[in-house]
Amino acid sequence: MIAEAGLAALWLAAALSLLQLVAGGLAVRGVDVASLVRPVAVAQGALAAFAFAALMLVFARTDLSVALVAANSHVDKPMVYKLAGTWGNHEGSMLLWIAVLAVSGAAVAAWERRLPERTMIATLAGQAAIALGFYAFLLIASNPFARLSPAAAEGRGLNPVLQDPGLAFHPPTLYIGYVGLSVAFSFAIGALVTREVGPAFARAMRPWVLGAWVFLTLGITAGSYWAYYELGWGGWWFWDPVENASLMPWLAATALLHSVSVLATRGALSAWTVMLSVVAFSMSMVGTFLVRSGILTSVHSFAVDPTRGAFILLLLSIYVGGALALFALRIGTVREGTLFQPISREGALVANNLLLSAILGIVLVGTLYPLGVEAIAGEKLSVGPPYFNAATGPLALLLVVIMAAGPLLRWRRDRIVALARKVALPAILLAGGLAATLLLAPGLRILPLLGLSIAFGVGVASLAPLWGRSLRRTPLFTWGMVVSHLGIAVALGGMASESAFSRETLVSAAVGETAEVGPYRIRFEGVTPASGRNWTAVEARLTAERGDDVLVLTPQARIFAAPPTETSEAAIATVLDGQLYTVLGKPGADGHWQLRLWWKPFVTLIWLGGGLIALGGLMSLIGRVRRERRPAIWAAFA
Amino acid sequence: MRVKGQGLLLWAPLLAFVAFFALVAAGLFKPADTAVRSKLIGKALPALTLPPIVPGHPGLTGEERGPRLVNIFASWCVPCAAEVEELARLRARGVVIDGIAVRDTPAELSAFLARHGNPYRAIGSDAESRSMLALGSSGVPETFVVDAAGVIRYQHIGAIGPQDFEAILRAVEDARTI
């Protein structure tokens, strides 16, 4: 019954999105149906949310007569993973995708009232157009509520790598970010249709972009940490297509966030901002397509299917192609705003946008390159970290330096001398940091070396906008910017330190033997069997000594019963100045076990920085909404 | 002020997207081939000279001829024990199997063969995994089908299971005809 109710809600929501699209389209042409659009959008959001709740309930009760549950869940699974199973598969994750889409559309319909009503109606029609295609995709090609007859006995289980608390949190967060960007896309469509691109448009769009960006940042940070401790490879970013798929919308959204500020404050960059709004959500859809179609081989594509890929590609071509064509036709008629000098806040933000776009281009090319080579030369290859690090690293460092200087510049025009005075102290610190690193740790590669010193200088410079101000009277959104920029510096410091100072040891150890990694001396105490609710494991006991400190680590090699799979559970000890990361490998000949040991100084700063970036975004969001006196809006994000 | 050609520039994003579309559509509708092929397929098997390790089996001299399987295995490798059964079935169909024992000892290997069965003609001992490097092998077990001219025709990564039996047998049959 629950499954049928969910399916009915989904069909109804699809019908409402069609109604919303038609009514919206007619209203923009002057037919008197505009009052219909907002209530329909809200109802559509409620129905989609209901359908997703129904699917969660079906998973919670492990209803094995539903094909999706039988294929992805198991009676013996802990409840939190039963719930996580809802989105740990193709159909469920697409249902989550569309539920977020519909709910954000409903939130816009319910709360956004500052733009001319005609623009808002066109925006909501755009949102409905996107939703309609994805409803069709779910209902035709991937019905999550399909029944299985006869019902399965116990279910096949969820990929054990996905049975992890991090996963209960990571995909929904990322999806809210991905799909939240659809609001910016629809705003751009609405503004293009009604030719209303101006500061008001930017101010209306800004909180939505900020909200989506906060979730995207959190999702990427959590995903990176999840891959770090769950995959057991000791790395925190693999430049894997799935990761790139989440990074690309983030880069576009970050650029958008800044260009929106220029448009809102100075009325400039209107065409560029509209373009970025289209690109940001297009990158979300491209990401969904790359992940869901299995077209690129990835270490973590958990749900792939080429025919569904074809469907998403079709939707993608309609929406992205349509939006870009609309852009080309209409943007020429949009008024460009005021001019500005290169040395100005606007100038720095333009540089920020160009660099972010260049990095986005590099990541996109690198992600698609294997596909191109295969199409032309027929060879399979993969583009790895060497390309991405070498190509994006220098641009990213330059970007971070500009990030530190930008907020210190005045709008419209500023003088180099004034800027120089403000950045003198951070620059001295940067040089000092560089000298100190050169002296203390000679022989570093150039990128980590620059990374460390820039992180140091920029960390200080990012606080500079607060100097000489009354901290209590500084607006919350300025605090938000400072915190986010500081977060970038902190994360950069963590990345550079991890890259420069990590130590790795691979040993084949017998019980009682010791090995050294970084400042730690690690003794292999032995192995014991261990078990959980749906797995058994071999657990190693390691004691790590550093002076008087003794840590005990217990990495495991786990064997899951359903489906039968082996995973390795890294044991990680976090101390003030870094993490000790240990993995138990295969048993070798004559009682030896393979152990992989890493010492990673200050690696936790990477995710701490990510958290700060998101926190800053949240502060800005609250600050903006309060300043613009629309308290209702952030209830939507609570 | 509008620069001439600016109108065309506005269409550039759409053109870029069309190129993207063509590329992925081409990739999507090609038959799926997810295996990463060894660079050595179609190339000659490197001459491997590996000493004998257990009595009753010659080592590898690099002089072996004829179509055969070259199987990289070890007594300490659990999947290797599982695949011996399939290797024995291949042996029963007349397939010659040469083994490369990686980082193994005579005592351990003899026990392994006594316990799980012995489908091998020759077994060479590779104490330093040199052959794995020469063959571009990714791990143990791994199996290569070599034809009469000494050219690698097929590579199987991981243990040979019942579902792989037919494909390997077919590859060996193909290797008989040059």
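These questions and answers concern a predicted model.

Student: Leaving aside neighbours within four places in sequence, which residues is A:Ala253 in contact with?
Tutor: A:Ala253 is one of the core residues that touch the most other members. Contact here requires C-beta atoms within 7 Å. With neighbours within four places in sequence left aside, the contacts of A:Ala253 are A:Leu181, A:Val209, A:Ala212, A:Trp213, A:Leu216 and A:Ala280.

Student: How many residues are in the second, separate core?
Tutor: This core includes B:Leu45, B:Phe112, B:Phe144 and B:Ala159. The number of residues in this second core is 39.

Student: Is strand E6 of chain A mostly covered or mostly uncovered?
Tutor: A residue is buried if 20 or more other C-beta atoms lie within 10 Å of its own. In E6(A), residues 556-560, four of the five residues are buried. The strand is therefore, with that cut-off, mostly covered.

Student: Which residue of E6(A) is the bridge partner of A:Ala537?
Tutor: Strand E4 of chain A, residues 535-546, pairs with E6(A) in the antiparallel sense. Five bridges join these two strands. The bridge partner of A:Ala537 is A:Arg558.

Student: Where is the kink in helix H3 of chain B centred?
Tutor: Helix H3 of chain B spans residues 78-92 and has a kink of about 35°. Its buried residues are B:Cys80, B:Glu83, B:Val84, B:Glu86, B:Leu87 and B:Leu90.

Student: What covers the buried residues of H3(B)?
Tutor: After the helix comes B:Gly94, with a positive phi near 90°. The cover over the buried residues of H3(B) includes elements of chain B: strands E1 (68-73) and E2 (97-102), and helices H4 (106-116) and H6 (165-176).

Student: Which are the edge strands of the open sheet in chain B?
Tutor: Five strands make up this sheet, in the order E3-E2-E1-E4-E5, with mixed pairing. An edge strand pairs on one side only. The edge strands are E3 (122-126) and E5 (152-157) of chain B.

Student: Which residue of E3(B) is the bridge partner of B:Val102?
Tutor: E2(B) and E3(B) are joined by five bridges, and their pairing is parallel. In E3(B), the partner of B:Val102 is B:Asp126.

Terms used:
Residues numbered from 1 in each chain as written. Chains lettered and ligands numbered in written order. Predicted model: local features only at pLDDT ≥ 70, side-chain atom pairs only at ≥ 80, totals over all residues. Buried ≥ 20, exposed ≤ 12 C-beta atoms within 10 Å, placed from the backbone. Pairing = 2+ DSSP bridges. Core = buried A, V, L, I, M, F, W, Y, C linked by C-beta atoms within 7 Å. Contact = placed C-beta atoms within 7 Å. Bend = angle between axes of the 7 residues up to and from the residue.
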